[in-house]
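The following exercises are to be worked through with the sequence and the structure at hand. Each task is followed by a solution in steps.

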Amino acid sequence: MKTILGYLLSPVYLLIFGLSLLVFHPIQVVCRWIGGYHLRKKSVDVLNFILVYGLVVMGSRIRYRGFHLLPQGRPFIIVSNHQCTIDIPSIVWGFRKHHPKFVSKKELGKGIPSISYNLKHGGSALIDRTNGRQSIVEIMKLGKHIEKENYCASIFPEGTRSKTGEVKSFQPAGIASLLRAAPSAWIVPYVIDGNSKLMEKGYFPLNFGNKLTFTVLPPIDPAGRDIKELTLEIEQKIKAHLGQ
């Protein structure tokens, strides 16, 4: 029955997803023109609420946990496992009070309604993964931005999505660059659980009736810590939470 519902309802959610991106693109543009960064951000928050909670159409049960643990009055770096496209809306909505920014490949900065515009005008770092110097410069700029504004930055240190949900090895370079530019930032491990099952077969059909859980683990003060050891510790904490 779940398989049948997946085939029947996937087009409904994908229509919600696609129309939302198309409708909110001009809304973002107008909001930025009228009210600048903050009004545009409110439109982005609403968009990502729709992208996440629209999944109830697919019978998804969505739960955010541990957000009371977030550090207040200081920047922080969200270090997360990466399972699918929905990971990003989950972060934008869940951390909306902390103005999340992303380290993203530069290809996403053009051609995608709403998403590309938000990445370009929301303060995220668009990196060329074939150009190490450019990547470091962009990540450092992002780190300085969150340090100045007490915002947060999100990074997926696996480098790419894990289609099976099995957490891949975390790479420390991006985290190290952000911390050099944002020395007062703390690390917030963030666990995404269930998104890989939702998109087990790709965008069609989406699986019906998944439990999607987004969990903040206790923040870590990285001061005086070896970055490689810290990165491994975060990876192990996320794996342990997922039972891996």
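In a charged surface patch, each residue has over 30% relative accessible area and no salt bridge, and like charges are joined within 9 Å. Lys and Arg count as positive. The model examined here is predicted.

**Exercise 1. The charged patch**

Task: Determine which residues gather in the patch of positive charge on the surface, and which strand gives the most to the patch.

Solution: 
- Step 1. The residues that gather in this positive patch on the surface are K2, R61, R63, R65 and K211.
- Step 2. Three residues of the patch come from strand β1, residues 61-65, and this strand gives the most.
- Step 3. K211, also part of the patch, is placed in strand β7, which covers residues 211-216.

**Exercise 2. The largest pocket**

Task: State how much space lies in the largest pocket, and identify the element that supplies the largest share of its lining.

Solution: 
- Step 1. The space in the largest pocket amounts to about 1200 Å³.
- Step 2. Its lining consists of 49 residues, and those that lie nearest the centre are H82, I88, S104, L108 and F156.
- Step 3. Several elements give two or more residues to this lining, among them α1 (2-53), α2 (87-94), β3 (100-105) and α4 (132-149).
- Step 4. The largest share is that of α1, with seven residues.

**Exercise 3. The cavity**

Task: Count the cavities of 30 Å³ or more, and describe the lining of the largest cavity.

Solution: 
- Step 1. A cavity is a set of points where a 1.4 Å probe fits but cannot get out; the count at 30 Å³ or more is one.
- Step 2. The volume of the largest cavity is about 140 Å³.
- Step 3. This cavity is lined by 13 residues, and K41, V44, P100, K101 and N118 are the closest to its centre.
- Step 4. At least two lining residues are supplied by each of α1 and β3, and the largest share, five residues, comes from α1.

**Exercise 4. Backbone geometry**

Solution: 
- Step 1. Most residues other than glycine have a negative phi, and most peptide bonds are trans.
- Step 2. H99 is placed in the loop between α2 and β3.
- Step 3. P205 lies in the loop between α6 and β7.

How values were computed. Residues are numbered from 1 along each chain as its sequence is written. This is a predicted model: local features need pLDDT of at least 70, side-chain atom pairs count only at pLDDT 80 or more; totals for chains, interfaces and linings use all residues. Side-chain values use heavy atoms; hydrogens and water are left out. Patches are made of residues with over 30% relative accessible area and no salt bridge: like charges are joined within 9 Å, nonpolar side chains (Val, Leu, Ile, Met, Phe, Trp, Tyr) within 5 Å. Accessible areas come from the Shrake-Rupley method with a 1.4 Å probe; for residues, only the protein chains shown count as cover. A salt bridge is a side-chain nitrogen of Lys or Arg within 4 Å of a carboxyl oxygen of Asp or Glu. The place of a charge is taken as NZ of Lys, CZ of Arg, CG of Asp or CD of Glu. Helices (H or I, at least four residues) and strands (E, at least two) are DSSP runs, numbered from the N terminus. On a 1 Å grid over the protein atoms alone, a cavity is a set of points where a 1.4 Å probe fits but cannot get out, and a pocket is an open set with protein on both sides within 12 Å along at least five of seven lines; lining residues have an atom within 4 Å of a point. Grid points are joined across faces, edges and corners, and a volume is the space filled by probe spheres set on the points.
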